Structures are given as structure tokens and as C-alpha cells.
Amino acid sequence: MTLNRRKTLELLGSGALLSLYGLGRPFKPGLAATTQGPDKIFQIFLTGGWDTALATDPVRGSKTSTQTYASHYQNLQMSRPEGKSELYFGEGLLPAKTAFERLSTCFINGIHMEVTAHELAQNYMYSGIPSLSRSREFPAFLARIGNAAGAFPPFVSIGEPLPLGDTRTNPPLHSQSPDQLGQMLNPFDDDIPSGIIQIAGQLTKDLDLVFMNRQNESMKKYLEPWTNSQKFLNELYEKKYNLKLSDQIKSRYGVTQTWEQNARIPAAFLSLSSGLSPFVSCNIDGFDTHSSHFDQHIPLLKMVSSQLTTLVNDFFETPDPDRPGLKLSDTTLIVILSEFSRTPTLNTGSGTDHWQTGSAIVMGPGVSDNRVIGVTDDQAKARGWRGSPVTLSTETEIRPDHLANALVKKLRPELAQSDPEGRDLDEIFS
Amino acid sequence: MTKIYQDRFIFFKISTLSLLIFLISSCHVFDDKEESEEAQKATVERIAIKPGPVSQPGSPSTNIDIIPQEGASTGYLLTPEQHSTSLFETLQIKLGYEDELHDRFVDFITEHLAVPLGGVDFRTSSIRDRFPKVQTQLIIRQLAWNAASIVVWRETDPDHPDPVHIFEKCNISEDRPLLPEEQTLSGREKIQAEAREQRWVDQLTEFYWRILVRPPSAEEIALHKQAFLNAISHYHGWPPAGWNVVLFALLSGAEYWNL
């Protein structure tokens, strides 16, 4: 640390203040960054826009007597977790009932989505920053958290890539399938003797040295990142992360083929449980049901819900790779997002279109259990801040940046940017 | 007496506190200029140097992305598109698959691995990253091993559906450098062994011209020989295994990837 006049004065002043405290009363230390709470995030993004009426915001109460919702909703089931009377959920989440019972769960409804174009809304939900640019210029909040945590890799993304923003920050380990991710970390075939791997690595290193020695000083300086970035490769290879979906895992999660979407959640689980990264994201596509809505949407959502229950059960069984004595259920937040929701009525193709509200689920340690934040009215429109059904306005809306900021604030308080009007979704966490 | 002491003590406390508050709040007056310069420098350093691992003890530190100073960068990283083209032009390899539904070839490198290789896809990223990260190295090595394996397999498998022979200077399954025990051979056997080695060197030179556009130096030939012989010793002396290692090193090296 370089000392200048400012720093010197600050240090002296702080020291003197502390000593003054000592004269009158016991010194009360400031709050240090806590490491007792969750330090991992497992994100599931449902791409296309999920139907919240089949999920966290089912049609009930006064909504059933309006003409707003398609009549088919009346025939669908809804339920609540045992002992959690506030958490009504719809038909699509029925398989997740046990998951909601086992982990502290909070629903966020009535998120107002200004723009319902897929990429813009996805970018907003991923990053918490609204932008009219379709290129993902702002990094996902998960990317920011992962980078700030200094984890390597900062995060793992399976399926759709996360927005990165400036690529000078550490890009994720991204792959479209678990097989591809496994190959990245273990490019050598299983039957290759480990001696070959070391010989190959050593030859590369030796040739690089010959090459470096031929360069001028300027080029050597340029090549420093190359050399530095190779230092940890052997360490990664030696850890031999096993990301292959075993038959047991495939059976538990109902995986048919490893290149299909139903392999992504278990693959992300392996990335987390193996210690590869504390921040993992996967996306499940197919929720943009502009036709045959119920026939497509319900089975897909049920598949995700079923896998969610398996995931939560696995969290309770799996030790945290970084924190001895704890399970992943003690250390990992599960966040389920989608870019927006669906229209309450059907179009001419029995499908649904984009709707300007959104919902999210946050589960895990420290989450306010049995809590629903935000609400939609009888016209299925987002209403109000903190559940108050007042007329929607910019002062009362809940936005994706509120949610993103709450999550960032929980894990990396130094990154959080408080809403200038003092609204944060702090109540997600107890 | 006690009361006087208490009054003076309180007075001392209040006045010292006031002085300190004044001193700290007046810092801004003195150091605006220094702070802006420092902030600028600190900003550059924050971008360049990342904190060490917090939640993964023992994992590699991420403070490795040291950005060279202004004006020091004289090269650039091979782009994913250039690598894809190079693999095809030099080794006749196209990593990808046919998308029959849309009747097009999906290039694995440019469409699936572009961003981790420092490229752009204008969705996840729109700025090329010239400074390789560890993730970049992982992909580079994955691609290098895949490409090397394809070349060797294609050359050695008699039933390969798409045979392409690029080993023009030697027989991949027979020619190799002299083993240590072969140094003491004599007569016809020695001539044959040396001829095999020469063909091996010629093939290595051919690969250097194809991939790096120059011949190998004596030092590099020696390094390749040693690694080749070490590699084939794990495969009962089967030469193609050595070529896998040689091609891997050429395709994952700094010289190939930095222009």
C-alpha cells in the first residue's frame, strides 16, 4: 500500500478514534465480511419466458372470477408445501413440493418487465442492468460475483452462455453440454496413460521456452499472460474433475441423452459438487410457447421441477467441497429465473405470448422462508412494492435489478449498488 | 476532584474528536490531484490484478491476468476463425458437424468455443480479448489434442471413412528417431535405422513448414526426438503415439497462437 497524505491522515485519524473509544467504553469492532452464510449460487434460467400462473403465481382467489385468465387454468392443480402456507404454486411446480419443504424458499412475483423482447429481457434479468443493446455488454450478476470472489473458474455456464461484458474479466467455463465441459477439463482420452499427458505438456513448455528466448523485450512482455495462464493447467488436469454423468445420476435426474437439455441441471450439480466452481448456471430452453401452450409448457416445467427436487435432495447429501462439515444445502443458494412471463389468455394457436411481469424463486440458507414478495392483480399485471397493491409506477415497481442487487449484496456486499431511492429486496433474506 | 477530572476528561475527548474529524474531512482538499492519478492507476491495477481465491482454497490464484504496459503489446492472439482456417489448410481438419436440418456445417471452434478463445459472438461478448486466460489454455489444449488425434487416427486406421494422408515424408507406423540401444547398431541395420530417423526428421520439418511456416531448429528437433521416444515407450514403441504428442505441442504452443 502506497502511503500518501490522505492515507496517512486517515490511518492516524482512525487509530486515534479507536483509542478514544478505548478510554470511554469497550471498542465495538465493525462488521467484517461474513463467511458464515451462503457462498455459492446455483442458477437455473428458464429461457423463453415461463408461465408464472403455472408456477409461483397460480390463479386463485379473486383471479378465478375475472375473465382475465384462460378457462383452462381453472382445471389445473395448485398446492402449498407442508408448513408453508404462503407459498402457493401451480401445476408446473407440483413435483418440486418436497424441494420447497426442505429448503427455505421465497417467491418473488410481480417483477415488472419494461421490455418483452427475449434478448433484451434476458440481458436485463441476467445482469440486473437494463439496456437496449442486444449485444450483452453488461456482465451477468453471477459473473460479477464469481469474479469478485476470486474463484477459478469464476463460474460455469452450461447451455446458453452468460453475458460477459468486458472480456478482460475472467470468462466462464462455458459449454453447451456436460460432455463438452468434461472434455475441456480432461481432453485426453481415458485410456491415455498419464505419462503421455506429462510428456506432451513438457514438450509444449520446452518449445515455448525456445520461442520466448528468441523474442525481443517488447514481445516477451506481451507473452507474459500466455506464460502465466499456463501455470495452473497441470493443477487442473491433475484434479481430474469427474463431470461425466454416471448411470446413477442419469437415472436419478431422468436424463435420456447427455446432449439433451435434461442433462444440464445434473451437469451443473456435478460442476458445483466437484469443486470446479462455486457459481454455476444452466438454462433450460423451450418456454416460449406461442402455440399449444399447456401441452408444451406443463411437461417442460414439470421436468425442471422434478429435477429441482432431486437437486435439493442431492444438496442435502453432498458435502460442500470447500467448507468441511457442511453440506451444499448449508452453503448454496438456488435461484430460478426467467426473462418474463406469459399472457394470461391464449392466442389463436392455443399459445401464449409475452407478458410484462416476471417471477423468480430463491431457495437456500438465509432465505426468508414461506415468503412471497410482490404481487400481480386480477388482470395479471405487476403491482406494487413489497406486496402493496397500489397503482404501478416507477416508484413502486419491483425490477430485475432489485433482485440482482439483493443477491449480489448477500454474497459480495462490496459490489452492491443500492437503489438511489433506497429500495432493495433485502427481505429475500432473513 | 473527581468531578473536575471528569469535566476535563470529557472536554479533552470532545476537542480531540473534533480535531480528528476536521483533519480527516480535510483530506480531500490536499489530495485531489494525487487521488485522481492514483485512482486511475488503481483502476488499471484492479482490472489487471484479481484477488486470490476465497471460496476455493488451494485453487489457482486468479491474479494472473497482468496486462502489459501501454505500448508493450506487439502481437495478438490467433482468432478462433484463423485457427479454424489454419487447421483446415494445414492438416485438412474441420472440427464440427453437419447440421442436416439447416443444411450447413457447424464449425465447432467459431460457433461453440469462440468466446473462451478470446473471440466474439456479439451476444455474450463483442470485444476481442487479446490476453489469454487459463480458460483459453484449456480450450487450446483440448483442440490441439483433438486435432492431433484426428490426424493420427486418420492416417493409421485402415477403415477410416474419410482417409486423408498428410504424412508424405515418412511412414507413420514405422519411421522414428533412433532408440538409445540402436546407437550401437552397425552395417545394414544402422543404415536402415538412420534412414528411418531421417524420414522422421523430414516429416517433422514438413509439419513445421505447414504449421509454423519455418523449419525447426536443431534444438527443437532434439526436444521433439526426446519427447517422441518417451511417448512411444508408453505404447510398446508404436510411433503414431509419438506423433500425437508432437502435433499437440505444435498446435498448443505460444508460437502458433501468438502472431
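Below is a short chat about chains A and B of this predicted model.

Q: Which sheet does chain A have, and what is its strand order?
A: It is an open sheet of 8 strands in chain A, with the order S6-S5-S7-S1-S8-S11-S4-S12. The pairing is mixed.

Q: Which strands stand at the edges?
A: Strand S6 (173-175) and strand S12 (371-373) of chain A. Each has a single partner strand, so one side of each is left without a neighbour in the sheet.

Q: What is the twist from one strand to the next?
A: The twist averages 15 degrees.

Q: Let's look at S7(A). Is S7(A) buried or exposed?
A: Buried. 6 of the 6 residues of S7(A) are buried, so the strand is largely enclosed by the rest of the structure.

Q: Which way do the residues of S7(A) point?
A: Phe279(A), Ser281(A) and Asn283(A) point one way. Val280(A), Cys282(A) and Ile284(A) point the other way. All of these are buried.

Q: How many bridges join S1(A) to S7(A)?
A: There are 6 bridges between S1(A) and S7(A), and the two strands run parallel. In this region, Phe45(A) stands opposite Asn283(A) of S7(A).

Q: And how many bridges for S5(A) and S7(A)?
A: S5(A) pairs with S7(A) over 3 bridges, in the parallel sense. Here Ile158(A) stands opposite Cys282(A) of S7(A).

Q: What about S8 and S11 of chain A: parallel or antiparallel?
A: Antiparallel. Strand S8 (residues 332-338) and strand S11 (residues 357-363) of chain A are joined by 3 bridges. Ile336(A) stands opposite Ile361(A) in S11(A).

Q: Which strands does helix H11 of chain A lie across?
A: Helix H11 (residues 264-273) of chain A lies across S1, S5, S7 and S8 of chain A. Its direction is at about 175 degrees to S7(A).

Q: New topic: H14(A). How many residues does helix H14 of chain A have, and what span does it reach?
A: Helix H14 (residues 400-411) of chain A has 12 residues. It reaches 17 Å from its first C-alpha to its last, close to the 16 Å expected.

Q: Now chain B. How many helices and strands are in chain B?
A: Chain B has 9 helices and 2 strands. From the N terminus on, they run α-α-α-β-β-α-α-α-α-α-α.

Q: What share of chain B is buried?
A: Buried residues make up 46% of its 259 residues. Chain B exposes about 13600 Å², and carbon and sulfur atoms supply 58% of that area.

Notes. Residues are numbered from 1 along each chain as its sequence is written. Chains are lettered from A and ligands numbered from 1 in the order in which they are written. This is a predicted model: local features need pLDDT of at least 70, side-chain atom pairs count only at pLDDT 80 or more; totals for chains, interfaces and linings use all residues. Side-chain values use heavy atoms; hydrogens and water are left out. Helices (H or I, at least four residues) and strands (E, at least two) are DSSP runs, numbered from the N terminus. Buried means under 20% relative accessible area, exposed over 50%, partly exposed in between (1.4 Å probe, protein chains only). Accessible areas come from the Shrake-Rupley method with a 1.4 Å probe; for residues, only the protein chains shown count as cover. Two strands pair if DSSP finds at least two bridges between them. Axes are lines fitted to C-alpha atoms, for helices over the stretch in contact, and angles run from 0 to 180 degrees between N-to-C directions. Contact means heavy atoms within 4.5 Å. The expected span of a helix is 1.5 Å times one less than its number of residues.
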